[in-house]
Amino acid sequence: MATATLIGLDIGKHTFHAVAQDVAGHVLYKRQFTRTGLIEFLATHPPCRIVMEACAGAHWLARKLIEFGHHAQLIAPQYIRPFVTGNKNDFIDAHAICEAACRPSMRYVAIKSMQQQAVSSLHRMREARMAERIQTTNQIHALLLEFGITLPLGMRGIRQVPTLLATPSDDLPVMVRQILLQQFEHVLLLERLIQVLDQQIATEARSNDVATRLMTIPGIGPITASQLAADAGNAKGYGKARDFAASLGLVPRQHSTGGKAKLLGISRRGDKSLRRLLVQCAHVIMLNATRWDSAIAEWTRELMVRRHGNVVACAVANKLARVVWAILATGDEYHPHPRTLHEKTNRRQNRR
C-alpha cells in the first residue's frame, strides 16, 4: 500500500469504491468502503494523489483528504465517461477515473471552500424558490383559463387575483375561489422568501472581496458577482480567458474537418445558471450602452449596429466572462478605460 501513488475513488452516498495504482500504472488493490471506513483508511494511508468525480459530496471529501496530507483532485464526469470500458460498475468507474487522471491534458475542477459551498447553497435555494413561484403563477393562470377568465401575463396579472376573488360572480365556484386564494398567498410567501434570499446574497457580496471587485464591471450586480465568486473561484483552473468563457458555453460549437472550419451556435455547456446571469447582464449593458462611458459600452454600441440583438447579447456575455476571468486571475478591478490606463502607465515608466 505504501507504493500506491494514485487512487481513483468512485464516491456514493453510503458506499465508496477505490482502485489504487503504482507509479507504473499497475493496479495494486481494489476495495469497497463505507463512509466511516473510507475516512479511517485514508487518514492513515501514506500521502498520495486521490482523484474523484466532481459530484455531490466531492468538495467536502476533497477538503478532508487535503487535511490528511493527500493531493485531492476533481474531474468533471463527462471527461471520465470515455474511459469506461466494457460494462459499467463501480470498480470500473474508479479505474476509469485513474485512466483519466493519467492524461497530461486532463482538466480539473477547482475545489470549493466551505464558504463558497454555503454561498452556492443560497443561490440554489433562490433558484428553487423562483422556479416554484413560476410554477404557482402558471397554475393560477391555467385554472382561471379553465373557467374562461384570462389575466395579463406575469405578476401584473397575478396581483389582480384578490380583486377578482372579491368581485361577486357565478363564473367561479366557491371551491375554486378557495384554491386560488391559497395559491395567491403561496405566491406572496415565495416572494417574501426570495426577497430575504436576495438580501442575504447582497450582504454577503458586499463583504466578499472577490464579489466586490466583480461588481465594478458594468452590468454585474451582487447576485451575479456572488455566484461567480462562489462557483468560479479564483479562475486557476482555466489557462486563459477564452477557456473560462468556453466552460460556460459562450463560444461557438465546432464541427470542423478536412481543414475547413465550421462554427455552429453557442455550445451551452457548463453551468447554465452562470450563463443565464451573464446573458442577463449583457442585456443590461445593451439597454444602457448609449448612456454609459466605458470601453465595453462603446464596443457594445458598435456591435449593435452590425449584428442582431441575440447575437450581441451572447457576444457581450462572452466578453463579460473574459473580463471576469481577468479580474479573478489578477486580483485587480475593472477599469472603464483600459487604453487610457495603459497609456498613463507607459508615461510613468518613460519618466522613470
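**Figure 1. Salt bridges across the predicted model.** A search of the whole structure, which is a predicted model, finds 11 salt bridges. One of them joins Lys88 and Asp93, whose closest N and O atoms lie 2.7 Å apart. Lys88 is exposed, with a relative accessible area of 63%, whereas Asp93 is buried at 7%.

**Figure 2. The salt bridge between Glu127 and Arg276.** The two side chains meet with an N to O distance of 3.9 Å. This pair links distant parts of the chain, with Glu127 in helix α5 (residues 114-146) and Arg276 in helix α12, 149 residues apart. Glu127 is partly exposed at 23% relative accessibility, and Arg276 is partly exposed at 39%.

**Figure 3. The salt bridge between Arg133 and Glu191.** The side chains of Arg133 and Glu191 meet at 4.0 Å, N to O. Here helix α5, which holds Arg133, is linked to helix α8 (residues 174-207), which holds Glu191; the two residues are 58 residues apart. Glu191 counts as buried, with 16% relative accessibility. Elsewhere, salt bridges that share partners join Lys112, Arg124, Glu127, Asp231 and Arg276 into one network.

**Figure 4. The largest nonpolar core.** This core has 36 residues, and those touching the most other members are Leu214, Ile217, Leu228, Phe244, Leu278, Leu320 and Val324. At least two core residues come from each of α9 (209-214), α10 (222-231), α11 (241-247), α12, α13 (295-306) and α14 (309-330). Helix α14 gives the most, with 11 residues.

**Figure 5. A patch of positive charge on the surface.** Arg107, Arg253, Arg268 and Arg269 gather in this patch. Arg269 lies in the loop between β7 (263-266) and α12 (272-288). Arg269 is exposed, with a relative accessible area of 58%.

Key:
Residues are numbered from 1 along each chain as its sequence is written. This is a predicted model: local features need pLDDT of at least 70, side-chain atom pairs count only at pLDDT 80 or more; totals for chains, interfaces and linings use all residues. Side-chain values use heavy atoms; hydrogens and water are left out. Patches are made of residues with over 30% relative accessible area and no salt bridge: like charges are joined within 9 Å, nonpolar side chains (Val, Leu, Ile, Met, Phe, Trp, Tyr) within 5 Å. Accessible areas come from the Shrake-Rupley method with a 1.4 Å probe; for residues, only the protein chains shown count as cover. Lys and Arg count as positive and Asp and Glu as negative; His and the chain ends are not counted. The place of a charge is taken as NZ of Lys, CZ of Arg, CG of Asp or CD of Glu. Helices (H or I, at least four residues) and strands (E, at least two) are DSSP runs, numbered from the N terminus. Buried means under 20% relative accessible area, exposed over 50%, partly exposed in between (1.4 Å probe, protein chains only). A nonpolar core is a set of buried Ala, Val, Leu, Ile, Met, Phe, Trp, Tyr and Cys residues joined through side-chain atoms within 4.5 Å.
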